[in-house]
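Please keep the sequence and the model at hand while reading.

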Amino acid sequence: MPRTYRKAIISFVIVTATIVSFALFFSHHPEVGRELRHTPPARLAILVALYAVFTASIGLILNATVRLCNVTIPRRESMLITMYSAIINFFGPLQSGPAFRAAYLKKKYDVSLKLYGLATLGYYIAYGLINGIFLLAGWSLWVLALIPLGLLSARFILPLLPIKSLQKLNLKAWSYLCIATALQVGLVSVIFYLELHGISHSISIRQAIIYSGAANLALFVSLTPGAIGFRESFLFFSQRLHHIPSDIIVSANILDRTAYISMLLIITVYLFASHTRSRLLAITKK
């Protein structure tokens, strides 16, 4: 089969799968569509913009992760990979986004899957550490000072682990990874605070920080798009820490998914309208 036809078929399959995924999501979660219709445009625009910046922070994390593997990639390319993986990660099971990125890096840059897996594990350690400390903010906001101490300690503990492949990681990029991860988690906390505060002005910054830590930790067990069900469970189980009522949790999560889905729709339209996929294929073949 000619290469041009293969490209056309692959593009058609991707477009169709994406459209079907969005249609199925909205059919199974009509509350998101209702929230989209009733959310004030200005509030939704702010949340969508913040989620766009959040997606950019994922691109920074990708750059940091490949630097750990002693590889550098252009920023534009990393953002294209990030946008595609954001869509894949939302609709795919578990963490499909990292799997897509690993496959791409293996094909384009011959990055060892084992090495990339270890670098990704480093990201999860930083991510889990920051959000775990967020859960402790109920005692005092001063516990947040433990974040840089914990990340710095991890930098020196990692080389001591009995894993030979760790010696191949460029741990000079650890600081970059930690800053990018802290930016990601910080942005999510701001987004959650705006959503919660918009529903109830009584919600404090401390409550939002604890709420954010619990919500983000759902990433490690998510089996559904956007961790639907799993995130809510984490938030309900941690109510003794953040003291946010169940009805506000439900409303805030519907608003959050509405904003994130809107951002994904915008990304999808942009990718298809600008024929980004063809450009990404061209980059891969060089």
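## Basis of the model

The model is predicted, and local features need pLDDT of at least 70, side-chain atom pairs count only at pLDDT 80 or more, and totals for chains, interfaces and linings use all residues. Residues are numbered from 1 along each chain as its sequence is written, and side-chain values use heavy atoms, with hydrogens and water left out.

Helices are DSSP runs (H or I, at least four residues), numbered from the N terminus. A residue is called buried under 20% relative accessible area, exposed over 50%, and partly exposed in between (1.4 Å probe, protein chains only).

## The nonpolar core

In soluble globular proteins, nonpolar side chains tend to be buried together. A nonpolar core is a set of buried Ala, Val, Leu, Ile, Met, Phe, Trp, Tyr and Cys residues joined through side-chain atoms within 4.5 Å. The largest such core here has 78 residues, and those with the most contacts inside it are Tyr51, Leu105, Leu169, Leu196, Tyr211, Tyr260 and Leu264. Two or more residues come from each of α3, α4, α5, α6, α7 (146-157), α8 (174-199), α9 (205-217) and α12 (246-273). The element that gives the most is α3, with twelve residues.

The surroundings of Leu196 can be listed in terms of contact, meaning heavy atoms within 4.5 Å. Not counting residues up to four places away in sequence, Leu196 touches Ile203, Ala208, Tyr211, Ile244, Ile248 and Ala252.

The expected span of a helix is 1.5 Å times one less than its number of residues. Helix α5 has 14 residues and reaches 20 Å from its first C-alpha to its last, close to the 20 Å expected. Its buried residues are Ser96, Gly97, Pro98, Arg101, Ala102, Tyr104, Leu105 and Lys108.

Helix α7 has twelve residues, which should span 16 Å, and its end C-alpha atoms are 16 Å apart, in agreement with that value. Ile147, Gly150, Leu151 and Ala154 are buried in α7. Seen down the helix axis, the buried residues of α7 fall within an arc of 95°, so they line one face of the helix; the arc is that of the directions from the helix axis to the C-beta atoms. The face turned away from this buried side carries the exposed residues Pro148, Leu149 and Phe156. The buried residues of α7 are covered by elements including α6 and α8.

## Salt bridges

A salt bridge is a side-chain nitrogen of Lys or Arg within 4 Å of a carboxyl oxygen of Asp or Glu, and the structure holds three of them. One joins Lys108 and Glu77 (3.3 Å, N to O). This pair links distant parts of the chain, with Lys108 in helix α5 and Glu77 in helix α4, 31 residues apart. Glu77 counts as buried, at 3% relative accessibility.

Another joins Asp256 and Arg231 (2.8 Å, N to O). Asp256 lies in helix α12 and Arg231 in helix α10 (residues 230-237), so this pair ties together parts that are 25 residues apart in sequence. Asp256 is buried, with a relative accessible area of 2%, and Arg231 is buried as well, with 12%. Asn253, also placed in helix α12, counts as buried at 1% relative accessibility. Leaving aside neighbours within four places in sequence, Asn253 is in contact with Tyr211, Arg231, Glu232 and Leu235.

## Loop residues

Most residues other than glycine have a negative phi. Asp110, in the loop between α5 (96-109) and α6 (113-135), has a positive phi of about 55° although it is not a glycine. Asp110 is exposed, with a relative accessible area of 57%. The side chain of Asp110 also meets that of Lys106 in a salt bridge (3.2 Å, N to O), and Lys106 counts as partly exposed at 36% relative accessibility. Asn70, in the loop between α3 (41-68) and α4 (75-91), has a positive phi of about 65°.

His243 is found in the loop between α11 (239-242) and α12 and is exposed, with a relative accessible area of 57%. His243 and Ile210 are 33 residues apart in sequence and 9.5 Å apart in space, C-alpha to C-alpha.
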